[in-house]
Amino acid sequence: MMITGCWANINPPALHPTHNHPNNYLSGVYYVAVPETGSHRFPGPAPVLIMPRTATIGRVTANACVTQPQPGRMVIFPSWLRHHVPSNEGTTERVSIAFNLMFTDFAETLAAPRWKPTAARASCNAL
């Protein structure tokens, strides 16, 4: 596997809208600094057309997930999974490092980022 994209997010109080990371296998985020409020939400595959009944709803059987970010925590998830980060309601910025991973054989042709690195959005593929 190789890193196909890596970027830092510095979020003031603002919403990070629902999205996924196409043409990659895994994506992740490492939380550097987190305000006192906030979460990372994974609404789950949508639409859910067939969902078997379960005796109890839990971490493994739920069709959605909310993670509570903490400094030093890393969350890795399938790149196709749609997710969003609710508005930063805290008084400090939320700082994270996000990345995408893809199988090396497919990375150059399938997973190359479509955006050009800039000072505001710098790629760190050298990691």
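**Leu26 and its surroundings**

Modeller: Let's start at Leu26, which touches Ile76, Phe77, Pro78, Ser79, Phe99, Asn100 and Leu101, leaving aside residues up to four places away in sequence. Contact here means heavy atoms within 4.5 Å.

Colleague: Before we go on, what sort of model is this?

Modeller: It's a predicted model, where local features need pLDDT of at least 70 and side-chain atom pairs count only at pLDDT 80 or more, while totals for chains, interfaces and linings use all residues. Residues are numbered from 1 along each chain as its sequence is written, and side-chain values use heavy atoms, with hydrogens and water left out.

Colleague: OK, back to Leu26. Where is its place in the chain?

Modeller: Leu26 belongs to strand β3. Strands (E, at least two residues) and helices (H or I, at least four) are DSSP runs, numbered from the N terminus. The C-alpha atoms of Leu26 and Met102 are separated by 6.7 Å, although those two residues are 76 residues apart along the chain.

Colleague: Which strands pair with β3?

Modeller: β3 pairs with β6 in the antiparallel sense over 5 bridges, and β3 also runs antiparallel to β8, over 7 bridges. Two strands pair if DSSP finds at least two bridges between them. On the β6 side, Tyr30 stands opposite Met74. On the β8 side, Tyr31 stands opposite Ser96.

Colleague: What does Ser96 touch?

Modeller: Setting aside residues up to four places away in sequence, Ser96 touches Trp7, Ala8, Asn9, Val29, Tyr30, Tyr31 and Val32. Ser96 is in β8, and it counts as buried because its relative accessibility is 5%.

Colleague: Which residues make up the largest nonpolar core?

Modeller: That core has 5 residues: Val29, Tyr31, Val75, Phe77 and Leu81. β3 and β6 (74–78) are the elements that give two or more residues to it. A nonpolar core is a set of buried Ala, Val, Leu, Ile, Met, Phe, Trp, Tyr and Cys residues joined through side-chain atoms within 4.5 Å.

Colleague: Let me zoom out. How many helices and strands are there?

Modeller: The chain has 8 strands and 1 helix, and along the sequence they follow the pattern β-β-β-β-β-β-β-β-α. There are 127 residues, and 30% of them count as buried. If you take the contacts with a separation of 6 or more, 88% come from residues 24 or more positions apart.

Colleague: New topic, aromatics. How many aromatic pairs does a search of the whole structure find?

Modeller: It finds 1. The pair is Tyr25 with Phe103, and it is tilted, at 4.7 Å centre to centre with 50° between the planes. Tyr25 sits in the loop between β2 (16–19) and β3 (26–33), Phe103 sits in the loop between β8 (94–102) and α1 (104–110), and the two are 78 residues apart, so the pair links distant parts of the chain. For the cut-offs, rings of Phe, Tyr and Trp (its six-membered ring) pair if their centres lie within 6.5 Å; planes under 30 degrees apart are stacked, over 60 are edge-to-face, and the rest are tilted.

Colleague: Why does Tyr25 count as partly exposed?

Modeller: Because its relative accessibility is 45%. Phe103 counts as partly exposed too, at 35%.

Colleague: What does the side chain of Asn24 reach?

Modeller: The Asn24 side chain makes a polar contact with the side chain of Thr4 at 2.5 Å, and it reaches the backbone oxygen of Pro22 at 3.1 Å. A polar contact is a pair of N or O atoms within 3.5 Å; within protein, one must be able to donate a hydrogen and the other to accept it, and residues adjacent in sequence count only if both atoms are side-chain atoms. Asn24 lies in the loop between β2 and β3 and counts as buried, at 14% relative accessibility.

Colleague: What about the phi of Asn23?

Modeller: Asn23 has a positive phi, about 65°, although it is not a glycine. Most residues other than glycine have a negative phi. Asn23 is also in the loop between β2 and β3, and it is partly exposed, with a relative accessible area of 30%.

Colleague: Last one: which side chain does His83 join in a polar contact?

Modeller: The side chain of His21, at 3.3 Å. His83 is in strand β7 (residues 83–85) and is buried, with a relative accessible area of 2%. From His83 to His16 the C-alpha distance is 9.3 Å, with the two 67 residues apart in sequence.

Note on methods:
Buried < 20%, exposed > 50% of the residue type's maximum accessible area, 1.4 Å probe, protein only.
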